Amino acid sequence: MPAPNIDTIVSLAKRRGFVFPSSEIYGGLGSAWDYGPLGVELSNNIKQSWWRWLVYDRDDIEGLDSSIILNRLVWKYSGHETTFHDPLVDCRECKTRLRADKIEGKCTNCGSTNLTEPRNFNMMFRTILGAAAEEDDPAALAYLRPETAQGIFINFLNVQTAMRRKIPFGIAQIGKSFRNEITPGNFILRTREFEQMEMEYFVKPDAEHLKLVDEWVEQYLEWFKSLGISSENLHLHEVPAEELAHYSKRTVDIMYRYFPERAEEERQWEELMGIAYRTDFDLRSHSSKPADEEGKRLNSDSTEDLSYFDEATKQRFYPHVIEPAAGVNRTLLAVLMDAYSEKTNDKGEMRVILKLSPQLAPIKAAILPLAKNKPEIVGMAKAIKRSLQPVLRAVYDDTGGIGKLYARQDEIGTPMCVTVDHQSLEDEAVTVRDRDTWEQERVKVAELADYLQRRLKATAPAQPVAATTSLEI
Ligand code: ATP
């Protein structure tokens, strides 16, 4: 049973230190959220899983970390300055500002249909570079990136030549992006500052691009399942031609059921990620060579031609690109919603268990002393914590009775609790309790690290096989 709604997660996330409303002591900041001690671990674990899966397990993808602030010309030639906007309308009754394509002609605040005509609102955040620059100096204008992808395109040749790569290959990047969203909301689902995991996969111009989109969709579905997300809560949405971004010939969105409480099937889903066929649009438009029919350069600012020379065919071309673009925050929310479950104990009390996949759990094992006033027990528990730390993330906790401590670890998704009791002092053994079944087993301290690692592996959903795409490309 996943979480009944996002609000359940908002409250758990704050109570247990995953995500806090940002700037709360000053009344908050609309759509900004801070990741607490457990949230930062969960987020890091998601990013590590992604990086391992794409950059380490495969042999055809390199990593990159490009700047957030790029030369403004990047956004001119990528098309974002002229086309990266959402349709904005104002409600004439209650003055609420709304995104026209999300409201079906009706104000979501007061229900009125008395709305202004839609007008375009560019979502890029502006900033001014340099201490001496005037506020309105166009030469000093810069943007915070609205996607990480452009940092990859402008580095295509750097990576390809430095790493001596042949096509097909990909470049992966994780980082913050910024969009001045008209209507941010629904917790971390839509915020103005968020984190993306994007990958540009460069292929030949005559590759089977549309099929490659399907292949990447399949691979991502497997990856999401390996994070513990149930396939019942995932579905595919083929973006209609009239809604495609300016660079896309085909986009398939993987949707997650973020709103299970809503009645209509349609409105239960929101985009988790998108897989787009971006053609050669970006590499071509950042290149110095392409010219119009009269021979005039289309890009008069670039100093490089981002084309690729294929040794085998002796042909030069602009690689085409398949782009899977996923959000860290939306993945984290989907993971939390899917992991949420409730269980009644034998006293009839309801307990929350966060059934996080062991690879994502912020803490893998909690070491708990049965009696915190017994120095020998406390000493042994702390020594066990220290000995486990090099192999897995462990914590020591003695801030309550054992029942409370178990309940707290269940609620934050710790797969295993290790209890040190009076008997442990004699038999050098501890009790290991399983989060999901609440079953307990006695394990020798000397075998504990191996035992825990084995159990963590055994209960994790299978990692997808690192697949280098099999199609003719
Ligand atoms: P939407 O239609 O929901 O605004 P999009 O289609 O504009 O999203 P993309 O440009 O495809 O989003 O960005 C790739 C991914 O980045 C999204 O699938 C999502 O996971 C994440 N993302 C985009 N915008 C936001 C945002 N405002 N807040 C959080 N994550 C976001």
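Ground rules, quickly. The model is predicted, so local features need pLDDT of at least 70, side-chain atom pairs count only at pLDDT 80 or more, and totals for chains, interfaces and linings use all residues. Residues are numbered from 1 along each chain as its sequence is written, and side-chain values use heavy atoms, with hydrogens and water left out.

Overall build. The protein has 13 helices and 23 strands. Those are DSSP runs, numbered from the N terminus: helices are H or I with at least four residues, strands are E with at least two. The C-alpha trace spans about 90 × 65 × 50 Å along its principal axes. Of the 473 residues, 51% are buried. Buried means under 20% relative accessible area, exposed means over 50%, and partly exposed is in between, with a 1.4 Å probe and protein chains only.

Alanine 13 lies in helix 1, residues 6-15. It counts as buried because its relative accessibility is 1%. Its C-alpha is 8.9 Å from that of leucine 38, which is 25 residues away along the chain. Now asparagine 120, in strand 6, residues 119-122. Asparagine 120 counts as exposed, because its relative accessibility is 56%. The C-alpha atoms of asparagine 120 and aspartate 86 are 5.7 Å apart, across 34 residues of chain.

On to the ligand. Which residues come nearest to it? Out of 17 around it, they are Glu181, Arg190, Thr191, Glu271 and Leu272. Near means that a heavy atom of the residue lies within 4 Å. By class, this shell has seven charged, six nonpolar and four polar residues. For the classes, Asp, Glu, Lys and Arg are charged; Ala, Val, Leu, Ile, Met, Phe, Trp, Tyr, Cys and Pro are nonpolar; the others, Gly among them, are polar.

Where does the shell come from? Strand 10 (193-203), strand 13 (270-279) and strand 16 (320-327) each supply at least two residues. Strand 13 gives the largest share, five residues.

Polar contacts next. These are pairs of N or O atoms within 3.5 Å; within protein, one must be able to donate a hydrogen and the other to accept it, and residues adjacent in sequence count only if both atoms are side-chain atoms. Arginine 179 places a polar side-chain atom 2.9 Å from a ligand oxygen. An N or O atom in the side chain of arginine 330 is 3.1 Å from a ligand oxygen. Threonine 191 uses its backbone: an N or O atom there lies 2.8 Å from a ligand nitrogen. How much of the ligand does the protein cover? On its own the ligand has 590 Å² of accessible area, and the protein covers 85% of that. Those areas come from the Shrake-Rupley method with a 1.4 Å probe; for residues, only the protein chains shown count as cover.

Now the rings. The whole structure holds 15 aromatic pairs. Rings of Phe, Tyr and Trp (its six-membered ring) pair if their centres lie within 6.5 Å; planes under 30 degrees apart are stacked, over 60 edge-to-face, the rest tilted. Tyrosine 256 and tyrosine 258 pair edge-to-face, at 4.8 Å centre to centre and 70 degrees between planes. Both are buried: tyrosine 256 at 1%, tyrosine 258 at 0%. Why is the pair of tyrosine 308 and phenylalanine 317 tilted? Because their planes are at 50 degrees, with centres 5.5 Å apart. Tyrosine 308 is buried at 4%, phenylalanine 317 at 10%. There is also an aromatic cluster: Trp53, Tyr201, Trp216, Tyr220, Trp223 and Phe224.

Charges over rings. The test is NZ of Lys or CZ of Arg within 6 Å of the ring centre and within 35 degrees of the ring normal. Arginine 262 puts its charged end over phenylalanine 259, 3.8 Å from the ring centre. Lysine 343 lies over the face of tryptophan 438, at 4.2 Å.

Stay with tryptophan 438. Its phi is positive, about 60 degrees, although it is not a glycine. It sits in the loop between strand 22 (429-434) and strand 23 (440-444).

Lysine 95 is exposed, at 64%.

Last item. Isoleucine 167 and proline 168 are joined by a cis peptide bond, omega about 10 degrees. Proline 168 is in the loop between helix 6 (156-162) and strand 9 (169-178).
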